Amino acid sequence: MAGTDTETDSIAPAGGDVELRPSGRLLSFLGRHPLPFLTLLCLALWLPGIVSLPALDRDESRFAQASRQMLESGNFVDIRLGTVPRYKKPVGIYWLQAATTAAASPFVGTGKIWTYRLASLLGGVLAAWLTFWCARMVAGPEAAFLAGALMAGTLL
């Protein structure tokens with residue numbers, strides 16, 4: 001009869017199990033293991049630019065130079081760019097840049113701009129993770145993973 005549900009017209013198989021397509025299985029897997037895959041996505045998208053681009057912005061050069069001076073002088077409280085105090089920005093970014101550069105300096109020294117960018121890379125990965133976590137509060141793991149992946153793919 002038209003308009004009535006029969007066993008052959010039902011959408012889901014018996015028992016309520018829905019078989020996922022391969023793309024659905026992959027997204028489900030990524031939603032169950034989001035942090036390593038979001039981290040890999042962030043690294044794949046951002047590392048080429050972080051290690052190959054020169055310092056383009058004048059503020060980036062100033063932050064890096066002030067952080068370098070902090071490392072060289074050992075003074076992590078009085079932030080200076082040359083002899084001029086640099087108290088306009090929060091001190092945390094200088095400390096993070098100095099910490100990541102100090103961690104990388106035994107291998108490459110303090111003269112590479114990408115070592116100062118590692119703090120921003122870590123912040124970006126953390127933003128993707130937090131986006132997943134916040135989206136997980138209101139959506140399923142698959143949608144939350146997509147939200148984290150979209151955060152990783154933004155240019156901001």
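1. Of the 156 residues in the chain, 24% count as buried, where buried means under 20% relative accessible area, exposed over 50% and partly exposed in between, with a 1.4 Å probe and protein chains only. The model is a predicted one, in which local features need pLDDT of at least 70 and side-chain atom pairs count only at pLDDT 80 or more, while totals for chains, interfaces and linings use all residues. Residues are numbered from 1 along each chain as its sequence is written, and side-chain values use heavy atoms, with hydrogens and water left out.

2. The chain holds six helices and two strands, and along the sequence they follow the pattern α-α-α-β-β-α-α-α; helices (H or I, at least four residues) and strands (E, at least two) are DSSP runs numbered from the N terminus.

3. Helix 2 (residues 34-52) packs against helix 5 at an angle of about 150°, with the axes 10 Å apart; the axes are lines fitted to C-alpha atoms, for helices over the stretch in contact, and angles run from 0 to 180 degrees between N-to-C directions. Residues that meet across this pair include L38, C42, W46 and I50 in helix 2 and W114, R117, L121 and W129 in helix 5, contact being defined as heavy atoms within 4.5 Å.

4. R117 lies in helix 5 (residues 113-136) and is buried, with a relative accessible area of 10%. The R117 side chain makes a polar contact with the side chain of E60 at 2.5 Å; such a contact is a pair of N or O atoms within 3.5 Å, where within protein one must be able to donate a hydrogen and the other to accept it, and residues adjacent in sequence count only if both atoms are side-chain atoms. Leaving aside neighbours within four places in sequence, R117 is also in contact with residues including G49, I50, L53 and P54.

5. Q97 belongs to helix 4 (residues 91-108) and, at 7% relative accessibility, counts as buried. The side chain of Q97 makes a polar contact with the side chain of S67 at 2.9 Å, and beyond neighbours within four places in sequence its contacts include F63, A64, T115 and Y116. The C-alpha atoms of Q97 and L71, 26 residues apart along the chain, are separated by 9.8 Å.

6. On the cysteines, C42 is buried at 0% relative accessibility, whereas C134 is partly exposed at 44%. With a disulfide taken as a pair of cysteine sulfur atoms within 2.5 Å, the count comes to zero disulfides.
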